[in-house]
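Hi,

Here is the structure I promised to pass on.

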Amino acid sequence: MAITKELKQYETRPVQVWGKMKEMRRKHFRHIWQAHDKGELITVGMSESFMALPAGMGNYAASSYGPFFTGIMRDRAQAIRVSEVTEARGYGHEVCCAMRVHMGQVFLGMTTKSPLNGDTVVPDFVFQPNFCINAGKCGAFLSDYLDIPMLVIDIPFENTENNRQYLFDQLLTGIEWMEKTTGRKYDDEKFIQATRNEWETTVLFTKICCLNKTVPAPLDARHMMSLRQPIFSMRHQEETVEFYRELLAETEERVRDGVSARGFELARLSFEPGVPFFFPNLYRFPEKYGAITVVCEEYAAGAFTAWNVTPDGEWTAATPPWERGNPMRTREDAVWAQVDLGLTYHRTHNIYKVDTHIPDPLTRAKDWKVNGVVFHIIRGCRAIDSHVAEAKLLVDHAGIPNTIYEGSHA
């Protein structure tokens, strides 16, 4: 029986910047279809990293996982249709579930057909940071099917000096590739500013995640999965920096005033690594019993955050490069800042390093004062899947209640 009506322990109130987030999301969607009319570039690809790199070519639109991915995930019938179209072309369940939805949009013509006026809008090139094998393969498919060039950035999984140099060289070469491919002059100042923006939005969002360690938590995972949208799609823009400055200030105010995410907090849960994309309402189920989800790996450890994790398991926000001796005055300075963010502070770039990810759910559970962990075995993502069983054993041994279910993001 639902008991939340009896558990109004704390004050709660709506998030004031919520409307602004939704308008930024709409603006990003419209930009995908209007960029060419403004003389701006459009990229496509499962890009969660190095968003500042194409910004040296000027303002650009990025359709990332396909322009309709979020909408498809909210419509079960549409999600099934798109996935079945991909499977009918011979891409079965061994293929990443998100990749199948991305490809299905292409097969159905959705990726290139403007909903604003029906025009055909073909992206200028594929921009594909290869943070996972499936992402790189999907980028190659997009390049072949849409007959557009592809820039792939191969991200190594070990943060060594050789690998840092390898990534640095790729990013510099990528700049030259974009100039040659598009016939446009690359603007270092725009790239430098976009890198500053990307770093700052990432650090700001990480600080907001840290504030949810507070009891009561000012925001919960249901809030955060929506509030991450600007950082997912446009974190290199000044408008996004301003948005997360406002959100951080509002979250700090909620902490000072003791404002709770939902008005109750009988228990604090962690979802590792988050609920399926198509079923965010799974977060609502514990709320019927007075529990909230204060952390999920999808936002607390992904490419949307910049973490320092201490040897004893404390998660804190990274320090931006200009506060650590890199003022970012040159193209090379900014590229090193991108390498630093990608290899040192983003947790998902070592997605296949099982030994790194195994302790994370336990240290997060302790740091966010979690009472129970919900593990999701994501059968549609072999990389994330690889560490869950061992991570559960650690949580078991620590005596933290937990449960597990099998599913798939898409």
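To start with a quick one: is Glu 198 buried or exposed? Glu 198 is buried, at a relative accessible area of 1% (buried means under 20% relative accessible area, exposed over 50%, partly exposed in between, with a 1.4 Å probe and protein chains only).

Before the rest, some housekeeping. This is a predicted model, where local features need pLDDT of at least 70 and side-chain atom pairs count only at pLDDT 80 or more, while totals for chains, interfaces and linings use all residues. Residues are numbered from 1 along each chain as its sequence is written, and side-chain values use heavy atoms, with hydrogens and water left out.

**Salt bridges**

Back to Glu 198: its side chain meets that of Arg 235 in a salt bridge (3.3 Å, N to O). The term stands for a side-chain nitrogen of Lys or Arg within 4 Å of a carboxyl oxygen of Asp or Glu. Glu 198 sits in helix H7 (residues 188-211) and Arg 235 in the loop between helix H9 (229-234) and helix H10 (238-256), 37 residues apart. Helices (H or I, at least four residues) and strands (E, at least two) are DSSP runs, numbered from the N terminus. Arg 235 is buried too, at 0% relative accessibility.

Arg 245 pairs with Glu 200 (2.9 Å, N to O). Elsewhere, Glu 11, Arg 13, Glu 253 and Asp 257 are linked in a network of salt bridges. The whole structure has 22 salt bridges.

**Val 44**

Val 44 belongs to strand E1 (residues 41-44) and is buried, with a relative accessible area of 1%. Beyond its neighbours within four places in sequence, the contacts of Val 44 (heavy atoms within 4.5 Å) include His 102, Phe 125, Phe 127 and Leu 142.

**Helix H14**

Which helix is largely enclosed by the rest of the structure? That is H14 (residues 360-367), because seven of its eight residues are buried. Among them are Pro 361, Leu 362 and Arg 364. Lys 369 follows H14 and has a positive phi, near 55°.

Cheers
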